[in-house]
Structures are given as C-alpha cells and as structure tokens.
Amino acid sequence: MDTRISTPAAGRPPAAPAVPLYPLSLRVNGQEHQLHVEAWVSLLDLLRDRLALTGTKKGCDQGQCGACTVLVDGKRVNSCLTLALMQEGRSITTVEGLADGNALHPLQQAFVRHDAFQCGYCTPGQLCSGVGLMNEGQAQDRAQVRELMSGNVCRCGAYPQIVAAMAEVMQLPDETNDHHRDDGAGARVGTVPA
Ligand code: FES
Ligand code: FES
C-alpha cells in the first residue's frame, strides 16, 4: 500500500480549505465599491475593517446600544445586526458621509452648538439615528424624539443636549407645549433624563 496518499504533505498538516468569498456591490458615502466578502461579515465590520470607515462605532455588537447606527437607503440600521451581503446594491451613509463637503450636516452643527456629547463614542450613531428619525418624519415633539431615539444609548448622559439639538433642527415646540408630557410618555422614557 502506498502510504504517500495518506500523508500528502510529507508530514505537514493539510492546507485549510479555501474560505468562499461572495461578490458585493454597494455605495458607501457616494462611492461605489466592488468587494468580495465572507458570508459572516457584518456591515459594521465591513465598514470599519475593510473600508477603514472607523467613525461608525462598535459598542455591544449585539443590537443593544445603537453606537453602530448607519443609514441604509436613508433608513437607520444597526450595522452590527446586518450582514454585509444583505446590502447588495444599497446606498450606505455613515457619519463620515453626513457632511456636504466642508459643511457639517445641520444636525452635526446643532450637536456642536448644544454640546451634545462628552466622550463622543455614541455620537456617530446618535447623528445617523437622528438623521434617520428626521427622514421618517414621525417625531412631532421632544417626548417622541426621546422615545424614538431610545435605541441609542449615551453612557455620558448627554441626552438633554442631544434632544435639544434635535429639537432645534426639527423646529419642535417648546417642552411646555409638549402634549405627550401628560399622557405617560414622559414616564415611559424616564431612563432618558429630560
Ligand atoms: Fe450595534 Fe451596539 S454595536 S447596537
Ligand atoms: Fe459619551 Fe455618549 S457622549 S457615550
């Protein structure tokens, strides 16, 4: 019996099987990308590790903090919870793509004016989520902003300034005119200080 068949590499371990790669076309911040990625790569890891767009942050990596929020065709998405391959043909906007040339997005400008951050780790996700919320057109007052932004956690507690920045850009009424203050919504969002 020829034992060379059972020891093909002359004592060396057999080569690992090739990892299959799949083609992916997507647009990120206005730039077209033709990529090949493994099936398990999340959109978050693709942005950070393959495209060097590290503005998008990895917090929990399991959909609980919102730090990884980006816009997919204008809708906010937790990029840690979606596979890159699921975004075939879509348009992704990260915090790096919010500005118009050298002009910051109006929400970015409002964040600066209202000092709506401390360490800044949550800020890219807050900004993308805020822009997504404005695209949705659902929030009519500050209580609804708090409720609909509750998926974006800020460990520094910059919530009042974040809501103030959002309210300014969205031209929301003063808190005293907020009809949701008396219907229990305020209590429901009690984890987000007023
Ligand atoms: Fe995606 Fe926390 S890193 S939700
Ligand atoms: Fe530090 Fe939000 S500014 S976590």
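1. The protein chain contains 6 helices and 5 strands, helices (H or I, at least four residues) and strands (E, at least two) being DSSP runs numbered from the N terminus. Along the sequence the pattern reads β-β-α-β-β-β-α-α-α-α-α. This is a predicted model, in which local features need pLDDT of at least 70, side-chain atom pairs count only at pLDDT 80 or more, and totals for chains, interfaces and linings use all residues. Residues are numbered from 1 along each chain as its sequence is written, while chains are lettered from A and ligands numbered from 1 in the order in which they are written.

2. Of the 194 residues in the protein chain, 37% are buried. A residue is buried if 20 or more other C-beta atoms lie within 10 Å of its own, exposed if 12 or fewer, and partly exposed in between, with C-beta atoms placed from the backbone. Among contacts (C-beta atoms, placed from the backbone, within 7 Å) between residues at least 6 apart in sequence, 62% join residues at least 24 apart.

3. The 5 strands form an open sheet with mixed pairing, in the order β2-β1-β5-β3-β4. Its edge strands are β2 (31-37) and β4, each of which pairs on one side only. From one strand to the next the twist averages 40 degrees; axes here are lines fitted to C-alpha atoms, for helices over the stretch in contact, and angles run from 0 to 180 degrees between N-to-C directions. Two strands count as paired if DSSP finds at least two bridges between them.

4. At the β2 side, β1 and β2 run antiparallel and are joined by 7 bridges. Tyr22 stands opposite Val37 in β2. The hairpin of these strands has 2 residues between them, and Asn29 there takes a positive phi near 50 degrees. The number of buried residues among the 7 of β2 is 0, so β2 lies largely in the open.

5. β1 also pairs with β5 (residues 91-93), here in the parallel sense over 2 bridges. Arg27 has Ser91 in β5 opposite it. β5 in turn pairs with β3 in the antiparallel sense, over 2 bridges, and the bridge partner of Leu71 in β5 is Thr93.

6. β3 and β4 are antiparallel, with 4 bridges.

7. Helix α3 has 14 residues and reaches 20 Å from its first C-alpha to its last, close to the 20 Å expected at 1.5 Å a residue; the expected span is 1.5 Å times one less than the number of residues. Because 11 of its 14 residues are buried, α3 is largely enclosed by the rest of the structure. Among the buried residues are Thr123, Pro124, Cys128 and Leu133. Their cover includes β3, β4 (75-78), α2, α4 (142-148) and α5. Gly137 follows α3 and has a positive phi, near 70 degrees.

8. The largest nonpolar core has 42 residues, of which Phe111, Leu127, Ile162, Val163 and Ala165 touch the most other members. Such a core is a set of buried Ala, Val, Leu, Ile, Met, Phe, Trp, Tyr and Cys residues joined through C-beta atoms within 7 Å. Two or more residues each come from β1 (22-28), α1 (43-50), β3 (69-72), α2 (106-114), α3 (123-136) and α5 (159-170). The most, 7 residues, come from α5. Domain 1 (22-96) and domain 2 (106-187) both contribute, so this core lies between them; the domain bounds come from an automatic or database domain assignment.

9. Leaving out residues up to four places away in sequence, Ala165 touches Leu107, Ala110, Phe111, His114 and Ala116. Glu168, also found in helix α5, is partly exposed, with 16 other C-beta atoms within 10 Å. Glu168 and Leu107 lie 61 residues apart in sequence and 8.7 Å apart in space, C-alpha to C-alpha.

10. Cys65 sits in the loop between α1 and β3. It counts as buried, with 22 C-beta neighbours inside 10 Å. Residues up to four places away in sequence aside, Cys65 touches Gly59, Cys60 and Val153. Cys65 and Val153 are 88 residues apart in sequence, yet 5.1 Å apart in space, C-alpha to C-alpha.

Conventions:
Contact = placed C-beta atoms within 7 Å.
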